[in-house]
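Thanks for coming. I will go through one structure, starting with a helix pair and then moving to side chains and the backbone.

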Amino acid sequence: VMLPPRPAFPIMIAAWALNALPIVGYLLTHKEELWLPRGQEMFMSYGLAILLLLVLLPFQRRARLQIQRLQNDNYHMHNLAERDALTRQYNRRGGQRLLDDFMRSGNAGSIIMLDIDHFKLINDTHGHLIGDKVLQQFSERVSSALRSDGHLIRWGGEEFLVLIRGIAELDALVVAERLRDAINREWFSPIGQLTASGGVTSRRENDTLESLIARADKALYQAKLNGRDQVIGD
């Protein structure tokens with residue numbers, strides 16, 4: 001039932017032949033048995049068995065299609081559960097999974113913690129609907145500036161985390177500056193210019209996920225103390 005139709009058919013024929021051919025061969029070589037009620041019943045049952053298997057093929061195809069649809073629906077629901085509804089980027093749950101996988105891999109990599117400067121003032125001045133629009137524009141710009149090895153996570157509120165696999169801290173600082181430039185390059189509708197601060201750190205020996213994030217958060221805090229609109233490495 002679980003096999004695709006093309007390989008299922010020869011396997012079905014082979015399975016039938018292994019069971020039926022010895023009986024059919026016996027009956028054909030002992031024709032006196034073939035005309036007895038017992039022989040005719042055996043011959044008919046094995047003949048009808050192959051017809052039954054042929055009837056099952058369309059059912060098997062429908063079953064596979066239904067299973068495929070269920071798998072696709074499950075994959076879609078899983079993606080929705082790991083995506084932020086507003087920005088369509090990874091939410092904290094999806095980001096946590098990515099970060100856990102990264103830490104288990106043992107590979108090199110860096111994280112960038114980004115925070116929109118004076119975002120509370122935007123909400124207080126323009127309202128939360130405009131604030132949501134700014135978050136959407138912000139995530140689109142940052143995501144567009146990232147390459148395939150970078151993942152953007154909405155870590156909470158106006159705070160975003162970027163995971164970049166296989167990159168050292170100096171290179172991550174260059175990426176962070178590129179992201180900051182992408183944020184500053186054009187105005188945000190309808191509030192005007194927007195800036196962001198960032199903290200950058202790379203994975204070190206004996207790091208845990210908590211220690212990695214704590215360093216990035218500390219660097220971000222220092223960037224804000226230094227006047228915002230800048231990135232600091234730790």
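The axes are lines fitted to C-alpha atoms, for helices over the stretch in contact, and the angles run from 0 to 180 degrees between N-to-C directions. Helices (H or I, at least four residues) and strands (E, at least two) are DSSP runs, numbered from the N terminus.

Some housekeeping. This is a predicted model, in which local features need pLDDT of at least 70 and side-chain atom pairs count only at pLDDT 80 or more, while totals for chains, interfaces and linings use all residues. Residues are numbered from 1 along each chain as its sequence is written, and side-chain values use heavy atoms, with hydrogens and water left out.

Now the helix pair. Two packed helices are described by the angle between their axes and the distance between the axes. Helix H5 covers residues 119-126 and helix H6 covers residues 128-145; they pack at about 140°, and their axes are 7 Å apart. H5 and H6 are therefore oblique to each other.

Which residues meet between H5 and H6? From H5 there are Phe 119, Ile 122, Asn 123 and His 126, and from H6 there are His 128, Ile 130, Gly 131, Val 134 and Leu 135. Contact here means heavy atoms within 4.5 Å. The residues of this contact divide into five nonpolar, four polar and no charged. For that division, Ala, Val, Leu, Ile, Met, Phe, Trp, Tyr, Cys and Pro count as nonpolar, Asp, Glu, Lys and Arg as charged, and the others, Gly among them, as polar.

A pair of aromatic rings is described by the distance of the centres and the angle of the planes. Rings of Phe, Tyr and Trp (its six-membered ring) pair if their centres lie within 6.5 Å; planes under 30 degrees apart count as stacked, over 60 as edge-to-face and the rest as tilted. A search of the whole structure finds one such pair. The ring centres of Phe 138 and Phe 160 are 5.1 Å apart and the planes are at 40°, so the pair is tilted. Phe 138 is in helix H6 and Phe 160 in strand S3 (residues 159-165), so the pair ties together parts that are 22 residues apart in sequence.

Leaving aside neighbours within four places in sequence, Gln 137 is in contact with Phe 188 and Ser 189. Ser 189 brings us to the backbone: the peptide bond from Ser 189 to Pro 190 is cis, with omega near 0°. Pro 190 lies in the loop between H7 and S4.

Most residues other than glycine have a negative phi, and most peptide bonds are trans. His 118 has a positive phi, near 55°; His 118 is in the loop between strand S1 (109-116) and H5 and counts as partly exposed at 48%. Arg 228 has a positive phi as well, near 70°. Arg 228 lies in the loop between H8 and S5 and is partly exposed at 32%.

Last, the charged side chains. A salt bridge is a side-chain nitrogen of Lys or Arg within 4 Å of a carboxyl oxygen of Asp or Glu. How many are there by this rule? The count comes to 12 salt bridges.

One of them joins Arg 104 to Asp 101, with the closest N and O atoms 2.4 Å apart. The two are three residues apart in helix H4 (residues 92-105), which means a separation of about one helical turn. Arg 104 is exposed at 62%, whereas Asp 101 is partly exposed at 28%. Both belong to a network of salt bridges that links Glu 82, Arg 97, Asp 101 and Arg 104.

Another salt bridge joins Asp 229 and Arg 180, with closest N and O atoms 3.0 Å apart. This pair links distant parts of the chain, 49 residues apart: Asp 229 is in the loop between helix H8 (209-225) and strand S5 (231-233), and Arg 180 is in helix H7 (residues 169-185).

Key
Angles under 35 degrees count as roughly parallel, over 145 as roughly antiparallel, 65 to 115 as roughly perpendicular and the rest as oblique. Buried means under 20% relative accessible area, exposed over 50%, partly exposed in between (1.4 Å probe, protein chains only).
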